[in-house]
Amino acid sequence: MKELQELLKELEPTHTSLVAVSKTHAPEEIMELYDKGQRDFGENRVQEMIEKYEQMPKDIRWHLIGHLQTNKVKYITSWVHLIHSVDSFKVLKEINKRAAQDNRVIDCLLQFKIAEEDTKYGFEPEEAYEMLRSEKFRNLKNIRITGVMGMATFTDDEAQVRREFRQLRNIFQHLKGNFFADQDSFREISMGMSDDYPIALEEGSTMVRIGSLLFGERAYG
Ligand SMILES: *Cc1c(COP(=O)(O)O)cnc(C)c1O
């Protein structure tokens, strides 16, 4: 495990921000980091995030990092800070619709499938480019795409992890150049977890999502 302040020092040189992944951990554990100044927390299950949102301080910025089902979108749109896991036009359209009802513009990242494992969600690059070129995408006024997210393969092979992170950064740069050149808000590359964040930092991560290194091992999830 690592102290929050120590981890933040490692992120400082690259100005990378920290999402503390609090899934499976109780509010009391989360409050320990909150009391040390941490405000960005990530959850991968909607139900668990809602329960924590309801009981915890309202200045916490909640990040949804796990797969989002269309039918659950409506429960989070009035308060979620950033949705990292947009993986289809369908879910994006629903986020847009609910955000409009809540009078908000919601920041979202497009999740890309960079890992070898086929269990991981995410767009294929071509699929995302096609969506971004489409009229139906441009009609969405209550979402703002602020970057990309990805998870590397769970492996000891550092070279592979590095290749996958580099692939995500290349996708980011392609999107930046072709679709978001005039938008300063398009700037996030959410990559790096407890085991692989040092590589992610070297490959240009702007936001790491770290759980077990800060909170200890999880029993599940
Ligand atoms: C659980 C999770 C993390 C954090 O994983 P750790 O290995 O505990 O740091 C990061 N991103 C996603 C999408 C997760 O589900």
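This is a predicted model: local features need pLDDT of at least 70, side-chain atom pairs count only at pLDDT 80 or more; totals for chains, interfaces and linings use all residues.

**Stop one: the pocket.** Display the largest pocket, with its volume of about 810 Å³. Its lining is made up of 34 residues. Now select Lys23, Lys120, Met151, Met193 and Arg218, the ones that lie nearest the pocket's centre. Next, colour α7 (158–178) and β8 (207–210), the elements that give two or more residues to this lining.

**Stop two: the ligand.** Go ahead and select what surrounds the ligand: Val21, Lys23, Ile65, Met151, Met193, Ser194, Arg209, Ile210, Gly211, Ser212 and Arg218. Sorted by class, this shell has 5 nonpolar, 3 polar and 3 charged residues.

**Stop three: the contacts.** Zoom in on the oxygen atoms of the ligand.

- Pick Lys23: an N or O atom in its side chain is 2.7 Å from a ligand oxygen.
- Pick Ser194: here a polar side-chain atom lies 2.5 Å from an oxygen of the ligand.
- Pick Gly211: this time a backbone N or O atom is involved, 2.8 Å from a ligand oxygen.

Finally, show the surface. On its own, the ligand has 380 Å² of accessible area, and the protein covers 92% of that.

Technical notes:
Residues are numbered from 1 along each chain as its sequence is written. Side-chain values use heavy atoms; hydrogens and water are left out. On a 1 Å grid over the protein atoms alone, a cavity is a set of points where a 1.4 Å probe fits but cannot get out, and a pocket is an open set with protein on both sides within 12 Å along at least five of seven lines; lining residues have an atom within 4 Å of a point. Grid points are joined across faces, edges and corners, and a volume is the space filled by probe spheres set on the points. Helices (H or I, at least four residues) and strands (E, at least two) are DSSP runs, numbered from the N terminus. A residue is near a molecule or strand if one of its heavy atoms lies within 4 Å of it. A polar contact is a pair of N or O atoms within 3.5 Å; within protein, one must be able to donate a hydrogen and the other to accept it, and residues adjacent in sequence count only if both atoms are side-chain atoms. Accessible areas come from the Shrake-Rupley method with a 1.4 Å probe; for residues, only the protein chains shown count as cover. Ala, Val, Leu, Ile, Met, Phe, Trp, Tyr, Cys and Pro count as nonpolar, Asp, Glu, Lys and Arg as charged, and the others, Gly among them, as polar.
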